[in-house]
Amino acid sequence: ASVLFAMGRYARRLAEQRRVGFLEAIWDSARAAAAFLAAQIEEDTGLHENAFDLWETFRGSFTYTNAAIASALLEGAFLAEQVGHQALARQWRQRSAQIRSAVMSRLWLGEVFARGLDAEGNLDTAADASALGLIAPFEFLNLEDPAEREIAGRCLTGLLRRLGTRVRGGEALRRFESDQYAGGGPGALTTVWMARVMLRLSGAYRDQPELARGYRDRALASMRAVLASGTSTQLLPEMMGVMPGAHWAVPHAWTMANFILTCLLLDELTRAYRVSCVMDGP
């Protein structure tokens, strides 16, 4: 789903002539991926069949993965339209809408999204940081829609209440409730992911400067905490050590890529809204 999503988002950025060549190169793969994903949705639940979760720990049908599939199918529909397969585009958009409806009706709990359904089909209400994926990168929640923006903000608040802690002066986030991986502490990955979501919310609340600045300032504090958890050469780990110099899985490509994307988003917001943001610290 992530690959198909990336194909669509990349194609949207290309000029028409370059897009034609790109579509010729990837359409067969994109079509196969979208067809496979669409076939994984169970008609009785509207959610995907059992699989492993993002953390390779649980079996079931997960909020994160369903959001990834729903957004990927929208990108697949866009690609299908570009190559003239209108029927496929309609089919994939309908399947995406089915998943979206199921996620919002079955998995949104009013404070956080449930992790998903367990392997037996029971609701798994554990708070899980992977719910951040509904905001970034998959944009399953539309932050330009006031109702969905409110859901995103409430979800972030709920995750921080149940998974949050403070590390080196910033808010940090554990992966999920009862996590025992690497001692069960906060993740550098999940913390910078949270900062990215805060910056997305900051941009969405551009008409409310005080609220926007609050999200931005909190994001900056968390980004500094992640930097402080890295090595002297700025290699970032997967998990944030509780003591200076304690690292787990470093360098961690996912964390470092997420940090770069978060910095680019910060730069975009700074230029767009002429906000002065200077990174201090390491």
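**Charges, overall form and a ring pair**

Author: In this predicted model, the chain carries 30 positive and 31 negative side chains. The centres of these two sets lie 5 Å apart.

Reader: What radius of gyration does the chain have, and what would a compact globule have?

Author: The C-alpha trace spans about 55 × 50 × 35 Å along its principal axes. For 282 residues, a compact globule would have a radius of gyration near 19 Å, and the chain agrees with this, at 19 Å.

Reader: What share of the contacts with a separation of 6 or more comes from residues 24 or more positions apart?

Author: The chain contains 8 helices and 8 strands. Among its contacts with a separation of 6 or more, the share from residues 24 or more positions apart is 62%.

Reader: How are the rings of Trp193 and Trp254 arranged: stacked, tilted or edge-to-face?

Author: The search of the whole structure finds 11 aromatic pairs. In this one, the ring centres of Trp193 and Trp254 are 6.1 Å apart. Planes under 30 degrees apart would count as stacked and over 60 as edge-to-face; the planes here stand at 50°, so the pair is tilted.

Reader: Which helices does this pair link?

Author: The two residues are 61 residues apart, and their pair links distant parts of the chain. Trp193 belongs to helix H6 and Trp254 to helix H8.

Reader: Is Trp193 buried or exposed?

Author: Buried means under 20% relative accessible area. Trp254, at 35%, counts as partly exposed. Trp193 has a relative accessible area of 2%, and therefore it is buried.

Definitions and conventions: Residues numbered from 1 in each chain as written. Predicted model: local features only at pLDDT ≥ 70, side-chain atom pairs only at ≥ 80, totals over all residues. Heavy atoms only, no water. Helix = DSSP H or I, 4+ residues; strand = E, 2+ residues; numbered from the N terminus. Rg over C-alpha atoms; globule rule 2.2 N^0.38 Å. Contact = heavy atoms within 4.5 Å. Lys, Arg positive; Asp, Glu negative; His and termini not counted. Charge placed at Lys NZ, Arg CZ, Asp CG, Glu CD. Phe/Tyr/Trp six-rings, centres within 6.5 Å; stacked < 30°, edge-to-face > 60°. Buried < 20%, exposed > 50% of the residue type's maximum accessible area, 1.4 Å probe, protein only.
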